[in-house]
Amino acid sequence: MTEVLDRTGARTDGAAQVITGARERIDALDDRIIGLIQERMAVSAVIQDARIASGGRRVNLAREMEVLAHYRDALGKPGTSLAMTMLELCRGRV
């Protein structure tokens, strides 16, 4: 159990077990979040393709501002940074 204690930073077996279980849950949540972002990227590509095909621009800055506000309102200032990264991922390649 010493190896588990070292990996978790815990000082007791019980704490190490809690941390190990919680980390497994976080890993599963991260996998779901990545999958959702990939799904969002695909949906965003459909929107961009439709907008470009109709003669519009690839990016709608007003919509991006709405998304930034939504994340900021839900998560505070760090939400803005998270939204900016997500929007960058979803803009696709020029």
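Let me begin with a definition: a residue is called buried under 20% relative accessible area, exposed over 50%, and partly exposed in between, with a 1.4 Å probe and protein chains only. This is a predicted model, in which local features need pLDDT of at least 70 and side-chain atom pairs count only at pLDDT 80 or more, while totals for chains, interfaces and linings use all residues. Residues are numbered from 1 along each chain as its sequence is written, and side-chain values use heavy atoms, with hydrogens and water left out.

A salt bridge here is a side-chain nitrogen of Lys or Arg within 4 Å of a carboxyl oxygen of Asp or Glu. How many salt bridges does this rule give? The count comes to 3.

In one of them, E64 pairs with R91, the closest N and O atoms being 2.7 Å apart. E64 lies in helix α3 and R91 in the segment after α4 (77-90), so this pair ties together parts that are 27 residues apart in sequence. E64 is buried, at 12% relative accessibility, and R91 is partly exposed, at 23%.

R63 and E66 also form a salt bridge, at 3.2 Å from N to O. Because they stand 3 residues apart in helix α3 (residues 61-75), about one helical turn separates R63 from E66. R63 is partly exposed at 46%, as is E66 at 49%.

Finally, D73 meets R72 at 3.7 Å, N to O. D73 is exposed, at 60% relative accessibility, whereas R72 is partly exposed, at 41%.

Note on methods. Helix = DSSP H or I, 4+ residues; strand = E, 2+ residues; numbered from the N terminus.
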